[in-house]
Amino acid sequence: MSSVENQTQPAVDVQEQQEKKAHIDFKMVTFSLAGRDYGIDIMKVKEISKAKNFTIVPNTSPYVEGVYNLRGEIISIINLRKMFHLEYSEERKKDAVDILILRLDETVIGMIVDSVDNVVGIDSSTIQPRHPLFADINMKYISGVVEVKKKLYVILDVERVFGVDEDDLERMRIIQEAPAAEKGPVNKARISGDELEFDFITETLATFKSFYVTDINRDWCLRRLDGWKKLRKTQKKPVQLESVEDAEGFLEEYYSVYTNMLWGEDYRKQMEELVPAPTKGSIDVWCPNCGKGHDPYSIACILTLKYPDRRIKVWASDHELLNISAAPNLVLPNQGVPKYFLEAKYVQATTDGYQFVKAVKDLILFEYHDILHGTPLPELDIILARDVLSFYNQTVQEKLVTQFQEKLTGGGLLIVGDNEVLKNPGFSEVKSGKIIAYRKEKD
Amino acid sequence: MRVEYINPFVEAAFNILTEVLKTEVKRGELYLKSSSMPVLGITAIVGLAGDVEGRVLFDMAEKTALEVASAMNGEKIDKNDELAKATITELANMITAQAVTKLHEIGFQFDLTPPAIFSGSNMEVTDVAIEALIVPIQTTFGKIEINVAIREKK
């Protein structure tokens, strides 16, 4: 990166550029964040500093790193990476970090960035409007984009990022996340209300059902909230979830088809289309949190039917002792058995109902196991985790997805719930009917 | 841990303790643990080999161990001597052997290693990459924790 002097002096290459340099009317402080360059109006920047060891303030938003004593003045320190949900390694905390100290009306606020680069002067007419392509961070925080010396700078609108007059950070967050700034004050209140309502639902789902709203299921939850509101209105009940029953009612439509049931003929066909062609003599499958075992039994039978000459091995586990203890001797009501199980003689009638024959039971190993304790398994061809991830918090979800990815062989398949969406790189989405699955890309 | 293994251990522990202690024995909630856990004071360990690999720990406070030993021998034992240790070893052997016999009946082949006893204060046990099933058993002499960690041989 060239020095400040170089940037502002007109003695550079292209003629066009020289002309523009002649009327510099906007100076910005540039910094980098997650490999991208950003600029902030220099008039908003009070100073640039390096610091570490911030004083942690309890009960603040996760992106508030703490407070810092700047020559007697106590300022809040915001971690910009965390605020924009960019990857952030806690390791960095040990060293002094670059801080841009901003003055916004009366408030002074510190903002941790990867590194502060430079001051760049530009002609404000060269600033181009924001473009959705740059939306690593939320579009509404961007006031424009400018190219200087072949480098693209995204200009942040700090007033919008940090709000103007809020001292309550939590309130500030809600208002900012709603695209209210463009719509006027009336709208603003309404949208914040909706956000609050959704936040409340999110909280109560976690409390009552340990269901965590994250990127994996947020779209479904937002859709469900609309339907839920209508339903509760007709029932003359409040929208908020007040009990475990309410939470269960909210999640009723969440569960995948054939939950706690053997898979029907339609599901079998869809699944057969998805399963990867075996690359070796055996097909290894893992069903974490399999409940009473309907999923592992179904997949074991479907695979045996499709690939009778391969060795099928299914590891199934659950951390609920009662569920998993019932799994090896699962009894099925007479009506609950799809035809193909009967035709292939995978089940036999007993006095209580149908049970699986020994040949099928031998394909599956049921374990009382908590997947948070790590699972030592060989390389897997299929991981069947329907409606599993949503019941763990964000951090655990991320860990589990990484674990799934590591355990799958190249081209292997991760099957998640009907209403779950993964956006992880390294997986490509494949669909068959209702089933959403993710194929691990080959290395 | 494989579901089929759980019940034999729980039943064996319950049966043997009821039989030898001749007092009321209650089983607590089973749970899984993967991190380190403190050892109560006196611990017997029995290794398992065969189709599987693993070990069973019988863990209790010294006071509990002495009272258990007293009850089993029909005489008062008030220090952790040879007899006390031999008695706890025997208890561990009896429970594990009965569990393994039950498992053998349903088709799993295990071998046992001779039990060993650890005693001391401030000890902890850590299993790396293997999860342990904890069977807490409450007796009138105090708590006995049975800690079973078994994994399939690949």
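This is a predicted model: local features need pLDDT of at least 70, side-chain atom pairs count only at pLDDT 80 or more; totals for chains, interfaces and linings use all residues.
Two strands count as paired if DSSP finds at least two bridges between them.

Strand β13(A) meets the cut-off, as two bridges join it to β15 (residues 354-356) of chain A, and the two run antiparallel. Across this pairing, L332(A) sits opposite Y354(A) of β15(A). Step back and you will see an open sheet of three strands in the order β13-β15-β14 (chain A), with antiparallel pairing. β13 (331-332) and β14 (347-349) of chain A each have a single partner strand and stand at the edges, so one side of each has no neighbour in the sheet.

Now let's turn to helix α9 (residues 265-274) of chain A. Its buried residues are Y267(A), R268(A), Q270(A), M271(A) and L274(A). Viewed down the axis of α9(A), these buried residues fall within an arc of 165°, so they line one face of the helix. K269(A) and E273(A), on the other side of α9(A), are exposed.

What do the buried residues of α9(A) pack against? Their partners in chain A are the helices α10 (294-306) and α12 (339-343), together with the strands β18 (408-416), β19 (427-432) and β20 (435-440).

Let's look at one of these partners, α10(A). The axes of α9(A) and α10(A) come within 11 Å and cross at roughly 65°, and the crossing is right-handed. On the α9(A) side, R268(A), M271(A) and E272(A) meet I299(A), I302(A), L305(A) and K306(A) of α10(A). By class, this contact has four nonpolar, three charged and no polar residues.

Conventions:
Residues are numbered from 1 along each chain as its sequence is written. Chains are lettered from A and ligands numbered from 1 in the order in which they are written. Side-chain values use heavy atoms; hydrogens and water are left out. Buried means under 20% relative accessible area, exposed over 50%, partly exposed in between (1.4 Å probe, protein chains only). Helices (H or I, at least four residues) and strands (E, at least two) are DSSP runs, numbered from the N terminus. The arc is that of the directions from the helix axis to the C-beta atoms. Contact means heavy atoms within 4.5 Å. Axes are lines fitted to C-alpha atoms, for helices over the stretch in contact, and angles run from 0 to 180 degrees between N-to-C directions. A crossing is left-handed if the near helix is turned anticlockwise from the far one by less than a right angle, and right-handed if clockwise. Ala, Val, Leu, Ile, Met, Phe, Trp, Tyr, Cys and Pro count as nonpolar, Asp, Glu, Lys and Arg as charged, and the others, Gly among them, as polar.
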